[in-house]
Amino acid sequence: MKLSTWLRIRYPQFFTESKESVVLDNCLCSSFREKRQKEETILPRMSQDFDTRLLALLREEKIAPIDEQISFVRRWLENRNLQYSVSFAMVLTLALVLVSRYSSQESRLPDTAGVVLENSSYLNEPTSMELSDSHHKRVFVDSLKRDPASIQGLKGLEVYYQKTGRGSAAEEVRLLIESAEN
């Protein structure tokens with residue numbers, strides 16, 4: 001949109017259809033154009049010695065020396081051969097652990113079934129151990145007979161051992177429950 005059209009629309013009372021309005025319109029447009037040309041051509045004025053002062057400031061700037069320990073650590077961490085060596089050692093260790101973990105055919109941990117004696121001590125017995133002649137089994141069975149709620153707890157323990165795949169422990173708990181109920 002031309003400036004003259006904008007001025008005519010914005011201020012219609014100043015522009016009539018006479019010759020005077022055309023002259024006024026032309027004067028306004030030319031004054032705005034001259035003002036814009038002046039604003040576009042004005043550059044910031046710098047002092048005469050600006051270049052010399054800037055060059056002197058640049059010469060005074062120095063890069064601060066880096067501490068030897070920091071530079072040693074940086075060189076050590078940026079060393080690609082070291083990074084590759086450490087990565088290779090980690091991968092090799094991981095592979096050896098995985099191979100040793102999955103290649104062994106023996107059981108990792110023997111099944112154990114612990115019992116609490118008189119609510120204060122814990123007796124950790126291997127599940128493969130025969131407790132038929134043991135004094136601990138007799139004491140434990142006697143305490144089970146006195147407290148029927150403990151048999152319910154052992155039944156829950158038997159179910160837990162069956163769900164977790166510890167069949168030998170579940171079998172031993174079942175034998176304890178049967179001996180306490182007889």
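Let's start with Tyr160: its relative accessibility is 48%, so it counts as partly exposed (buried is under 20% relative accessible area, exposed over 50%, and partly exposed in between, with a 1.4 Å probe and protein chains only). You're looking at a predicted model, where local features need pLDDT of at least 70, side-chain atom pairs count only at pLDDT 80 or more, and totals for chains, interfaces and linings use all residues. Residues are numbered from 1 along each chain as its sequence is written, and side-chain values use heavy atoms, leaving out hydrogens and water.

How many aromatic pairs does a search of the whole structure find? It finds one (ring centres within 6.5 Å, using the six-membered ring for Trp). The ring centres of Tyr160 and Tyr161 lie 5.8 Å apart and their planes meet at 45°, so this pair is tilted (under 30 degrees would be stacked, over 60 edge-to-face, and the rest is tilted).

Now step back to the whole chain. There are eight helices and two strands (DSSP runs numbered from the N terminus: H or I of at least four residues for helices, E of at least two for strands). Starting at the N terminus, the order is α-α-α-α-α-β-β-α-α-α. Of the 182 residues in the chain, 16% are buried. Take the contacts (heavy atoms within 4.5 Å) with a separation of 6 or more: 35% of them join residues 24 or more positions apart.

Helix 7 (residues 148–163) packs on helix 8 (residues 167–181) at an angle of about 160°, with the axes 8 Å apart (axes are lines fitted to C-alpha atoms over the stretch in contact, and angles between N-to-C directions run from 0 to 180 degrees). Helix 7 and helix 8 are therefore roughly antiparallel (over 145 degrees; under 35 is roughly parallel, 65 to 115 roughly perpendicular, and the rest oblique). On the helix 7 side, the contact includes Ile151, Leu154 and Tyr161, while Val173, Arg174 and Ile177 are among those from helix 8. By class, this contact has nine nonpolar, two polar and four charged residues.

Helix 6 (residues 135–146) also packs against helix 8, here at about 60° with the axes 9 Å apart. Lys137, Phe140, Val141, Leu144 and Lys145 of helix 6 touch Leu176, Ser179 and Ala180 of helix 8. That makes five nonpolar, one polar and two charged residues.

What about helix 6 and helix 7? Their angle is about 110° and their axes are 5 Å apart, and the two helices are therefore roughly perpendicular to each other. Here Phe140, Ser143, Leu144 and Arg146 of helix 6 meet Pro148, Ser150, Ile151 and Leu154 of helix 7. The classes in this contact are five nonpolar, two polar and one charged.

Key
Nonpolar A, V, L, I, M, F, W, Y, C, P; charged D, E, K, R; others polar.
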